[in-house]
Amino acid sequence: MLKSKIYKNSPVFIQNSLLTARGFMYKVLRESGAFRSMLSELEQTQHYTDSEMQEWQNERLVRLVRHAYENVPYYNRLFKKMKLLPGDIKNAEDLKKLPFLTKEDVRVNINDITAKNIKKAFVEKTSTSGSSGKPLTLYRDIYSVVFENALLWRQRRWIGVDMTDRIAVLRSEQIVPFEAEKPPFWRYSVSEKRLLLSSYHLRRNNAEYYIEALNRFKPAAIFAIPGVIYALAKLAEEEGLLPFIFSVKAVFTSSDMIRPGYKETIERTFGGAIYDLYGSTERAAAIGMCEYKTYHVFPENGIIEFVPVSNGSGAMEIVGTNLHNYVMPLLRYRTGDLAEISSTPCRCGRCFTAVKKMQGRIADFMVSRSGVILMEGSYLLLKGVENIVESQIIQEDIERIKVKFIPADNFSERDRNKIIENAKFYLGPGVHVVFEEVEDIRKQGFCKFRPFISHINNIR
């Protein structure tokens, strides 16, 4: 809806109405009787013992594996190649009989890795922001969407935030047309009690408008990308826009790492503690903070394997098997993200595995000369570009972008021009794009590949 010309060209009050209508549909879907039942179950399973949780997981794993074998061509071929039957995989240990699944495996087998018995009307299409340098298309069924929503609200309720609270959202969804130069740089969803603020219009000379909107709205909590909410907090401090006339119960962050210095600035500015959530568009794994600010594996989401890596840091790669997405089952999916396991029990008393530290993807800002702060820089510059195997975007300074890329066979001047067009649209007509064709981009050891790197240090 947000990408449609109707939404983009409508006046603000119509856009608010459309978002309210969308929010109402989300509430019906995500807060239905099924959702309530799932949430109730999750609030019981959080008190399970280790053995009870393993039994809960195993029951769902057996059903998922049988479904994958019978309805997903990719897995049917794989099982036959490995001389396996569904009954050979009954628990997490048995999963190791299967090879790891990579992003490239999914990309190459995108049609055969989707279930043939699920109607497209009950499927949600999503895509990654390009952690491999190019977005990956994914599909989720409605059950998994609702289950994830229940899982998220269980975490929020641990902190004392409930569905009736007013929520401010500062994420990467483009809810305000990119070309907008005057406020409001936000929209309202009345049905969800949400103020949706645009991350694409946040800059120094607009910060006061964001603060005024938040002061009027008085949210109980904020859902945000760490880098974006930090940018707002930093600008509010530097521009003398504090203190706010409200304070939040919590700031829920996800989609990016919390860098050193972020936490203190954000919590000081908004008055509420940060509670982080690790996940991915693939939904292969979910790890989030409890009320004592300890990261825990959310075992109901799926089975996580922590695979040691040989870099001497004690970090483990997160390999996940989501137990609920039947339209695109991902068994033993390699996320490429790293975590350090904790040996210290958490005071919350839950049996969930405690994680000492997350070492997931680090995304940088892309900044235009006018001060626009853009997240997901690699995704934006590659929109509409099909013939690139892999890429890395580097913003060397405010007017210079380097595109390192491995071309596909059909790469042409048309692809090159599309990248230049995107760069000029998002960063301004004066930006200079340099192309560097390479054979291998991933010469960074085992560190998480960064599709976008910025050498610009200051928020303008």
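**Reading the contacts**

Reply: Start with a salt bridge: Arg 204 pairs with Glu 239, and their closest N and O atoms are 2.8 Å apart. The model is predicted.

Me: Where do Arg 204 and Glu 239 lie?
Reply: Arg 204 is in the loop between β5 (194–197) and α8, and Glu 239 is in the loop between α9 and β7, so the pair ties together parts that are 35 residues apart in sequence.

Me: How many salt bridges does the structure hold?
Reply: It holds 29. Some link up: Glu 124, Arg 140, Glu 148 and Arg 283 form a network of salt bridges.

Me: How do I read a salt bridge inside a helix?
Reply: Count along the sequence. An α-helix has 3.6 residues a turn, so residues three or four places apart point the same way. Now the case here. Glu 413 and Arg 416 meet through their side chains in a salt bridge, at 3.8 Å from N to O. They are 3 residues apart in helix α12 (residues 413–427), which means about one helical turn separates them. Arg 416 is partly exposed, at 23% relative accessible area.

Me: Which residue forms a salt bridge with Glu 396?
Reply: Lys 402 does, with the closest N and O atoms 3.6 Å apart. Glu 396 is partly exposed, with 27% relative accessibility.

Me: Next, strands. How do I read the two faces?
Reply: Take alternate residues. In a regular strand the side chains alternate between the two faces of the sheet. Strand β6 (residues 221–224) shows the case: Ala 221 and Phe 223 are on one side, Ile 222 and Ala 224 on the other. All four are buried, and both faces of β6 are covered.

Me: Which way do β3 and β6 run relative to each other, parallel or antiparallel?
Reply: Parallel: 4 bridges join strand β3 (residues 167–170) to β6. Ile 167 stands opposite Ala 221 of β6. Strand β7 (residues 250–254) also pairs with β6 in the parallel sense, over 4 bridges. There the bridge partner of Ala 221 is Ala 250 in β7.

Me: Now the nonpolar core. Which residues touch the most other members?
Reply: The largest nonpolar core has 49 residues, and the ones touching the most other members are Phe 252, Ile 287, Phe 306, Ile 318, Val 355 and Met 358. Helix α7 (residues 142–158) gives the most to this core, with 7 residues. Apart from it lies another core, of 36 residues, including Phe 185, Ile 229, Val 251 and Tyr 262.

Me: What does Phe 252 touch, beyond residues up to four places away in sequence?
Reply: Its contacts are Gln 155, Arg 156, Ile 159, Val 161, Ala 221, Ile 222, Phe 223, Ala 224 and Tyr 275.

Me: Which residues of helix α10 are buried?
Reply: In helix α10 (residues 262–270), they are Tyr 262, Thr 265, Ile 266, Glu 267, Thr 269 and Phe 270. Their cover includes α8 (207–217), β6, α9 (226–238), β7 and β8 (273–278). Check the helix end too: just after α10, Gly 271 takes a positive phi of about 80 degrees.

Me: Last, the surface. Which residues make the nonpolar patch of about 330 Å²?
Reply: Phe 24, Met 25 and Val 28 make it. Val 28 lies in helix α2 (residues 12–30). Val 28 has 49% relative accessibility, so it counts as partly exposed.

Key: Residues are numbered from 1 along each chain as its sequence is written. This is a predicted model: local features need pLDDT of at least 70, side-chain atom pairs count only at pLDDT 80 or more; totals for chains, interfaces and linings use all residues. Side-chain values use heavy atoms; hydrogens and water are left out. A nonpolar core is a set of buried Ala, Val, Leu, Ile, Met, Phe, Trp, Tyr and Cys residues joined through side-chain atoms within 4.5 Å. Buried means under 20% relative accessible area, exposed over 50%, partly exposed in between (1.4 Å probe, protein chains only). Helices (H or I, at least four residues) and strands (E, at least two) are DSSP runs, numbered from the N terminus. Contact means heavy atoms within 4.5 Å. Patches are made of residues with over 30% relative accessible area and no salt bridge: like charges are joined within 9 Å, nonpolar side chains (Val, Leu, Ile, Met, Phe, Trp, Tyr) within 5 Å. Accessible areas come from the Shrake-Rupley method with a 1.4 Å probe; for residues, only the protein chains shown count as cover. A salt bridge is a side-chain nitrogen of Lys or Arg within 4 Å of a carboxyl oxygen of Asp or Glu. Two strands pair if DSSP finds at least two bridges between them.
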